Amino acid sequence: MEAGSLLHSPIPWNPKLPVRRRIGSTFPRFFYFRAFSSSSSSSSSSSDSQGGYRGPKPRRDWIADWVSNNDDIVRSLPIYVGGASLLAVLLNRTVSGIAPVADASSSQSRADLLTLGLAVTNILTGLVWLSIRPKSVSVVSPQGVECRRIYSHLPDSVVSELIWVWESLSEVTCCRSLIVVYDSRCVLQIGFAAKSSIVDAEPVAVDANKLMQGSLCQGVIKSGAQSYLANLSLYPGKSELPFLPSNTQAIILQPLGEKGIAIIGGDTIRGFTTSDQAWIALIGEKLDATLAKNVKNVPLAVQDQL
């Protein structure tokens with residue numbers, strides 16, 4: 001009987017409330033954060049899909065757009081304002097009955113003289129704006145022959161990397177000529193080059209020793225910083241680069257450590273952007289690390305790949 005009553009008697013169940021709090025306190029908090037972020041992102045995506053984009057929209061500057069689209073009118077506007085001011089002063093002088101001769105004792109005459117000075121200034125400003133216009137920069141076709149010379153004592157992996165550098169620069173930037181000189185050797189000459197006057201239709205070869213002894217390369221290597229000649233025609237040092245086409249518009253001199261330099265020639269004045277320069281600097285560091293391991297003290301030789 002006692003055993004049966006014990007089996008049939010209800011077992012009290014009184015869960016403690018702090019149990020849930022302990023589980024919640026020991027549970028990782030980042031789970032709640034992730035769950036909330038996922039739910040919020042899903043809700044935001046659903047709201048975007050339903051109602052479209054509700055964020056801030058870019059503002060358009062209508063005045064700047066109108067000025068850029070009506071450049072000639074804006075440049076001649078001071079002339080119209082100055083001419084209208086002159087006519088207004090003369091009309092006022094005629095209608096008001098004041099003597100046409102300027103009188104220093106008259107306040108009206110002094111005001112008219114000041115207005116005439118401002119009107120003439122506006123007219124001169126308009127004439128200056130019409131005469132001074134920004135020079136349009138256009139892409140030019142290099143005057144030379146195509147060249148593809150690669151140093152013959154290089155592994156295939158290095159040759160592939162050099163070709164990749166050339167294809168990347170020529171596709172993305174205004175680069176039309178690329179010369180890489182390392183350890184007094186012309187490792188790569190590709191793109192357009194100047195035409196030789198001795199042999200017809202042959203590109204001018206790069207004299208690596210003479211190039212590295214020039215002031216341009218010496219200054220870049222000593223400083224260890226990239227040099228950007230945005231308008232090559234303004235620099236007398238272009239005479240040290242006879243292998244480039246005569247109408248090369250801009251060049252970048254990128255040092256390759258202390259032993260080499262990369263010369264990138266472009267077909268547009270100021271054609272290389274700030275991003276291009278930073279990217280070329282990173283490519284130069286990569287080429288320096290690659291060529292330092294593979295360019296050995298071997299006889300100079302050049303391999304032509306046409």
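1. On a 1 Å grid over the protein atoms alone, a pocket is an open set of points where a 1.4 Å probe fits, with protein on both sides within 12 Å along at least five of seven lines. In this predicted model, the largest pocket holds about 320 Å³ of space, a volume being the space filled by probe spheres set on the points.

2. The lining of that pocket (residues with an atom within 4 Å of a point) comprises 19 residues. Asn-231, Ser-233, Asn-247, Thr-248 and Gln-249 lie nearest the centre.

3. Helix 9 spans residues 215-223; helices are DSSP runs of H or I with at least four residues, and strands are E runs of at least two. Leu-216, Cys-217, Val-220 and Ile-221 are buried, that is, under 20% relative accessible area with a 1.4 Å probe, protein chains only. They cover an arc of only 115° around the axis, which puts them on the same side of helix 9. The opposite face carries Ser-215, Lys-222 and Ser-223, which are exposed (over 50%).

4. The buried residues of helix 9 pack against helix 8 and strands 4, 5 and 6. Just after helix 9, Gly-224 has a positive phi of about 70°.

5. Arg-149 belongs to strand 1, residues 145-151. Arg-149 counts as buried because its relative accessibility is 15%.

6. Residues are numbered from 1 along each chain as its sequence is written, and side-chain values use heavy atoms, without hydrogens or water. Local features need pLDDT of at least 70 and side-chain atom pairs count only at pLDDT 80 or more, whereas totals for chains, interfaces and linings use all residues.

How values were computed
Arc of directions from axis to C-beta. Contact = heavy atoms within 4.5 Å.
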